[in-house]
Amino acid sequence: MINFLFLVTLLIYLAASIFQTLSLAISSRTEAAVIRPTIERIAFWGTGIGFAFLTLFIALWWLQQGHFPMTHWTDSTAFFAWAITLIYLIIVRLTHLRALGSFVMPVAFIAILISYSFATHTAALPEPLRNYWLLAHTTLIFLAYAAFIAAFGFGLMYLMTERKIRKKTDALLDNLLPSLGTSDGLGYRCTILGVILLTMGVIVGSLWTQYIRDVPWRWLDAKVISTFVTWFIYVAQIGLRQFWGWHGRRAAYTAIIGFVAVLCTYVGVDLFLDSMHTYR
Amino acid sequence: MNQIVSIGTSHHIAPIEFREKLAFSEAQIIESLQHFRESDQVQEAVILSTCNRVEVYAVANAVRNADAAAKILVEFLSRYHQIGVESLKKWTYLHHNLETIRHLFRVTASLDSMVVGESQILGQVKTAYDASREAGGAGTILNRLFTKAFSVGKRIRSETTIAAGAVSISYAAVELAKKIFNTLEGKTVAIVGAGEMSELTAKHLVSNGVSNVIVANRTYERAVKVAEKFNGTPLAYDNDLSFLIDADIVISSTNAPDYLIKRRPLADVMRKRKHRYMFLIDIAVPRDIEPDVSKIDHAFLYNIDDLEAVVASNLKDRQQEATRAEQIVTEEAKRFYDQLQIFQVNPTIKALHQQFREVAATELQACFYKTTLSDQQEAAIASMTQAIVKKLLHHPMQNLRCAVNDGNADHGQYVQALQELFALDVNDDNSEL
């Protein structure tokens with residue numbers, strides 16, 4: 001039954017992603033006026049209901065395991081999707097820019113798909129890790145990832161709008177995507193938010209190591225290094241923007257590079273390198 | 001029965017030479033409406049006279065059919081404007097009843113305009129209607145019709161996008177600027193050279209929030225003259241583009257034979273302004289801005305052809321929307337027409353009922369006066385009489401309503417026959433409309 005409900009959640013996310021992307025594919029004003037409101041409504045309600053389901057599942061696992069569920073890919077990716085949706089919903093609440101969902105919801109869907117495919121697996125969490133440090137550390141890191149993914153979405157939106165403006169003829173036909181200035185500015189804010197959260201997450205993580213002696217700490221841990229690379233990419237972007245006027249197009253490309261770095265840190269390191277941060 | 005007819009001409013079918021002959025001045029409209037009122041041939045009228053169209057909407061009830069009503073209008077126009085009936089027939093269109101309603105809805109919704117979706121016509125129709133109402137031209141039926149036309153126009157504007165998208169070069173420029181900058185507040189526009197188009201565009205930009213205007217011209221005096229209009233900063237330029245460092249939007253329209261703004265110097269400018277977005281509009285022919293400029297990051301160049309293409313694509317889009325709007329018009333016109341029919345027979349139905357009831361009441365009173373019946377008996381007789389009245393009227397009323405609902409043209413004759421046969425006194429002011 002629980003498995004079935006999780007499948008339902010997965011399908012809701014799939015539907016929300018598809019409808020979000022469809023809404024972006026509309027190019028004529030006629031279609032926009034006739035069907036977009038319906039599509040957007042479905043997509044948005046799908047996102048809301050999917051998010052509620054996901055929250056319930058995480059709560060359920062928490063109760064079952066007796067500690068914050070973050071032991072296996074199942075928990076981890078579900079929480080990843082949860083964080084992405086949360087940040088997206090907050091951004092929509094503040095800016096009314098639903099178009100962002102077309103870029104971030106598919107990422108959330110893939111995360112849940114991974115979670116679903118591992119659904120029967122569980123792993124035991126070592127005793128010393130069961131505490132609120134785990135909760136604080138992972139929540140901060142995942143919210144940072146979600147903010148970076150939102151920045152990535154804004155970067156793609158920027159590039160799409162720019163292409164339309166350069167293509168000229170149908171530059172004005174679609175009013176879904178915001179202006180270049182808006183995409184760029186919001187992407188930048190998301191980046192700053194992400195850097196702050198990531199910095200805090202890393203600090204919490206390193207303080208945590210002071211409290212656990214049983215697990216040996218290695219500075220050369222693959223995840224740690226990869227995280228620093230990611231952090232550096234975003235900090236460099238902020239610096240270049242402040243001092244050299246690197247915004248707009250370049251910022252959009254950096255957001256895409258940063259997104260790849262986030263994926264490498266989160267998934268890649270686990271699959272191909274050895275680390276104490278693995279979910280297995 | 002009331003006949004709603006209209007006669008008119010527009011840019012679609014008649015040349016300006018004819019339209020100006022048919023046009024009415026404000027005073028002429030009042031005069032004509034007065035004439036209609038006095039002549040007794042036409043009960044209600046509204047005259048719409050704009051540069052693109054002249055139309056007379058009228059309601060006549062003392063005529064046999066719509067053709068007769070139309071004939072009154074043709075004769076009136078021919079006499080009033082001294083135009084031969086033949087050329088009137090050639091250059092005007094006539095509409096009857098449902099078609100009149102549909103036509104007015106189309107006009108008000110701007111589906112019949114030169115630029116579909118333009119917003120002026122709604123105001124023009126409103127003015128014409130108000131003028132007519134003040135002069136006592138519009139009565140209950142036209143009041144109803146025009147009020148409905150305005151609400152249909154509003155519905156179309158909200159449910160379709162026929163009014164969306166810039167259809168003039170200057171508005172297209174404003175909309176493009178809004179796609180680039182997150183806000184136009186606090187932005188600076190530089191007008192290079194002078195010209196009506198660039199001033200108009202700058203004006204639209206300013207009214208959309210742009211706060212600073214720089215006017216650059218080879219001759220300082222001319223720059224000053226244009227700058228005064230915008231409370232802007234005049235300056236004389238000489239191949240030095242440094243004044244563009246502060247400019248977010250550049251409108252160029254000089255007579256220079258060569259490119260005035262070239263890629264390399266502009267790239268320098270862009271660097272100095274920290275690569276903030278720059279929207280360049282080149283409306284000069286020959287062009288002022290080197291096309292390669294658009295290869296610079298964050299510099300967006302549109303020339304006159306690009307802007308015209310944007311406008312053309314918006315117009316095409318409006319055309320598509322117009323099809324949907326036409327469906328709404330047809331559906332609303334039909335509904336309005338049906339309602340109007342029912343409202344038109346209602347006074348007759350009411351009068352007939354009243355007559356029957358009055359006769360019954362009088363007879364009952366006479367009968368009760370002569371006899372001595374118990375209260376119970378009187379009540380029984382009274383309710384029986386009511387039942388008889390009701391039953392007698394049932395079929396005629398039902399058939400009349402059916403005739404109306406079926407769109408059967410005979411119902412006018414039915415109403416007339418009823419009124420004559422039963423000597424009904426139907427005051428035709430349609431007070432319940």
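Guide: Before we start, the strands and helices named here are DSSP runs, numbered from the N terminus, with at least two residues (E) for a strand and at least four (H or I) for a helix. The model under discussion is a predicted one.

Visitor: Which pattern does chain A follow when read along the sequence?

Guide: Chain A has 9 helices and 0 strands. Reading along the sequence therefore meets helices alone, given the run definitions above, and the pattern of chain A is α-α-α-α-α-α-α-α-α.

Visitor: What percentage of the contacts in chain A with a separation of 6 or more comes from residues 24 or more positions apart?

Guide: Chain A has 280 residues, of which 53% are buried, and buried here means under 20% relative accessible area. Among the contacts of chain A with a separation of 6 or more, the share belonging to residues 24 or more positions apart is 80%.

Visitor: How is helix 1 of chain A oriented relative to helix 5 of chain A?

Guide: Helix 1 (residues 2-25) and helix 5 (residues 101-117) of chain A pack with their axes 8 Å apart, at an angle of about 155°. Since angles over 145 degrees count as roughly antiparallel, the orientation of helix 1 of chain A relative to helix 5 of chain A is roughly antiparallel.

Visitor: How many charged residues are there in the contact of helix 1 of chain A with helix 5 of chain A?

Guide: The two helices of chain A pass in a left-handed crossing. Residues of helix 1 that take part include Phe6(A), Leu10(A) and Tyr13(A), and those of helix 5 include Phe103(A), Phe109(A) and Ile112(A). By class, the contact of helix 1 with helix 5 in chain A has 15 nonpolar and 7 polar residues, while the number of charged ones is none.

Visitor: And how many charged residues does the contact of helix 1 of chain A with helix 3 of chain A have?

Guide: Helix 1 of chain A packs on helix 3 (residues 36-65) of chain A at an angle of about 150°, with axes 8 Å apart, which makes the two roughly antiparallel. Their crossing is left-handed. The contact of helix 1 with helix 3 in chain A has 19 nonpolar residues and 7 polar ones, and its charged residues number 2.

Visitor: What does the angle between helix 7 and helix 8 of chain A make their arrangement?

Guide: Helix 7 (residues 180-211) and helix 8 (residues 222-244) of chain A pack at about 140°, with their axes 10 Å apart, and helix 7 passes helix 8 in a left-handed crossing. The residues that meet include Tyr188(A) and Val195(A) in helix 7, and Trp231(A) and Arg241(A) in helix 8. Because roughly antiparallel requires an angle over 145 degrees, the arrangement of helix 7 of chain A to helix 8 of chain A is oblique.

Visitor: Which residues does Leu156(A) touch, not counting residues up to four places away in sequence?

Guide: Leu156(A) is in helix 6 (residues 132-167) of chain A, and its relative accessibility of 24% makes it partly exposed. Its C-alpha atom is separated by 9.8 Å from that of Gly187(A), 31 residues apart along the chain. Leaving out residues up to four places away in sequence, the residues touched by Leu156(A) are Phe103(A) and Ile256(A).

Visitor: Is Thr201(B) buried or exposed?

Guide: Thr201(B), in helix 9 (residues 196-207) of chain B, touches Ser170(B), Ala173(B) and Ile251(B), with residues up to four places away in sequence not counted. Its relative accessible area is 3%, and since buried means under 20%, Thr201(B) is buried.

Visitor: What is phi of His96(A) near?

Guide: His96(A) is in the loop between helix 4 (73-95) and helix 5 of chain A, and its relative accessible area of 65% makes it exposed. Although His96(A) is a residue other than glycine, its phi is positive, near 65°.

Visitor: How many disulfides does a search of the whole structure find?

Guide: Among the cysteines, Cys264(A) is partly exposed at 41% relative accessible area, whereas Cys51(B) is exposed at 60%. Over all chains, the number of disulfides found is 0.

Technical notes: Residues numbered from 1 in each chain as written. Chains lettered and ligands numbered in written order. Predicted model: local features only at pLDDT ≥ 70, side-chain atom pairs only at ≥ 80, totals over all residues. Heavy atoms only, no water. Axes fitted to C-alpha atoms, helices over the stretch in contact; angles between N-to-C directions. Parallel < 35°, antiparallel > 145°, perpendicular 65-115°, else oblique. Left-handed = near helix turned anticlockwise from the far one by under 90°. Contact = heavy atoms within 4.5 Å. Nonpolar A, V, L, I, M, F, W, Y, C, P; charged D, E, K, R; others polar. Disulfide = S-S within 2.5 Å. Buried < 20%, exposed > 50% of the residue type's maximum accessible area, 1.4 Å probe, protein only.
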